[in-house]
Number of protein chains: 2
Amino acid sequence: MDIVVLDEAALRARVKISHEAMAVVEAAFAALGRGGVVMPPVLHLDLPERHAEMDVKTAYVPGLPSMALKVSTGFFDNPKRGLPSLSGMMTLLSAETGRVEAVLLDNGYLTDVRTALAGAIAADRLARPDARIAGIIGTGLQARLQLEALRLVRPIQRVLLWGRDPAKAAALAGELKAGFGLPVTAAPAEQVVREADIVVTTTAAREPVILADWLHPGLHVTAMGSDAPGKQELDPEILSRADRVVVDRRSQCERLGELRAALAAGTISSDRPIDELGEIVAGLKPGRRSADEITVCDLTGTGAQDTAIAVHAVRAAA
Amino acid sequence: MDIVVLDEAALRARVKISHEAMAVVEAAFAALGRGGVVMPPVLHLDLPERHAEMDVKTAYVPGLPSMALKVSTGFFDNPKRGLPSLSGMMTLLSAETGRVEAVLLDNGYLTDVRTALAGAIAADRLARPDARIAGIIGTGLQARLQLEALRLVRPIQRVLLWGRDPAKAAALAGELKAGFGLPVTAAPAEQVVREADIVVTTTAAREPVILADWLHPGLHVTAMGSDAPGKQELDPEILSRADRVVVDRRSQCERLGELRAALAAGTISSDRPIDELGEIVAGLKPGRRSADEITVCDLTGTGAQDTAIAVHAVRAAA
């Protein structure tokens, strides 16, 4: 039995935000939509005495030859030792035999990629086909990667971005401008939302950073920052004002996403019609239905995406 | 970051059923008894379309430098391909930083060892100090390993064993006799229990294989086979007749162990005093209290043991 072991450098060299990787993640969303995916709730370990936490995700996806088991750690005293807080790896097991096929020591890189690709898939189904202005909320790694992924699916010509720290926002605007050859401007959050065709929120915020009054016809918003019970990026009114609310996994978004916050605030009720992105990818539900509707997609990240990106990584490295 | 990768052959060469390995597993039981272990419920994945299942266990154990994440797979069509049904591996993460330290491609070997060692730890605390006759129920791998482990803690001079298949029982008796230089006799289950000082049940039975009427003063029984809701090795009367019932983890044994079957049968009530083996190892509860008492230990296997044996394996390989 030959087991493939790939470290972060090898994975970074081979796995990119690309149409090819996106296609594998799309296949996982389609399988989620059609049913047959076996995806248990996230196994979460709180380690208060270490100021740390650990999450384990996995999913069996019909049609993919393997399944990933992913561990993600956050050890928040690591920066004192000169180490990043976040880390993790994936193990790929054969879906035919259960034998270990590969160990991907990615330190979270593959999660970054599959998270960005989910943003592209959401925009591809829900943003206006002619969306040209991207609005990025946040200045972290996903701010960069979500923009890169959006460019796979929409003819982005201008970028507005906002960050809580104006210096970081200005620095990121310069970096993205140089990196993508696009006009990129740091701006107030309200202006970003009012002017953009697509907004992606990428923060770890625990209170709303964008407000319902800023919405306008034709806007698509992807909220990908919230992935834990205390997190929230959107004014809960946004989910009631939107013409369409889409989620990656309803059960998970009700616990971890913007859906949780909106249900708690009472701005939407539990019988609000909500579609899963996978149902749209599978063709069971429509994507954007008109040029004017306001769409919101709440992404919390699924084990099915992990399985998809791990399968893609091993193929790309072969 | 140097990550240790050890395959099954390397682990078999370095990790043995030994007092040294037992001491590390004992430390994990003591931590379970004292509290502070963080051990989420087993993550279980059923894959009926593959005739397969997957379990994930993990535990943070105060005092141990790392934590294991273990995946165990059962793909029951594997024998048709000439592969064993069971497989698995462990990942060892630093309990200080969350970074991956080692990947142990053991195919379940470390689980076999830590399971056998738990049997030895139970016998060490609960069997009579002068226990000389071991009774083994079952003819699988754990039948062999439990006997090997018992010899670490008690002066075993004679072995009686029973298996559902008389030919397998006779063959195993011959093998153990040759391997350990002890008299080993295949016998009816009733005779095994009536004559033995320590009985270890190691089967995948779904109905009782030993009966309460066979119990006698001074006997200790370790039931390690049941680790899933449908499994049961002991007549549920055994738990009510025993003077002492001990478990590895009460919450887990109520779902997966003999405790589940006895509670379901109503032979014991939910307020029956039951101790955890870790409380005894930690000195918070007594071990065997008299020569005559009948003791039963229900083992389902814990993530804390996995963390312990993985820590030991990496040390032993260093």
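## Basis and domain layout

Domain bounds are taken from an automatic or database domain assignment. For chain A, this assignment gives domain 1 (4–110 + 304–317) and domain 2 (128–302), and the C-alpha centres of domain 1 of chain A and domain 2 of chain A lie 23 Å apart.

The model is predicted, so that local features need pLDDT of at least 70 and side-chain atom pairs count only at pLDDT 80 or more, whereas totals for chains, interfaces and linings use all residues. Residues are numbered from 1 along each chain as its sequence is written, chains are lettered from A and ligands numbered from 1 in the order in which they are written, and side-chain values use heavy atoms, with hydrogens and water left out.

## Interface of chain A and chain B

The contact (heavy atoms within 4.5 Å) takes 42 residues from chain A and 42 residues from chain B. Together the two chains bury about 3700 Å², 67% of it on carbon and sulfur atoms, where buried area is the accessible area (1.4 Å probe) lost by two parts on being put together, summed over both.

Four salt bridges are found across this interface (a side-chain nitrogen of Lys or Arg within 4 Å of a carboxyl oxygen of Asp or Glu). B:Glu96 forms a salt bridge with A:Arg50, with the closest N and O atoms 2.9 Å apart. The elements giving two or more residues to the side of chain A that touches chain B are strands E2 (43–47), E3 (52–59), E4 (66–75), E5 (86–94) and E6 (100–105) of chain A, strands being DSSP runs (E, at least two residues) and helices DSSP runs (H or I, at least four), numbered from the N terminus. E5(A) gives the most, with six residues.

Within chain A, the contact takes 17 residues from domain 1 and 18 residues from domain 2. Domain 1 and domain 2 of chain A bury about 1500 Å² between them, 65% of it on carbon and sulfur atoms, and zero salt bridges are found across their interface. Helix H2 (19–34) and helix H11 (303–317) of chain A each supply at least two residues of the side of domain 1 that touches domain 2, and H2(A) gives the most to that side, with eight residues.
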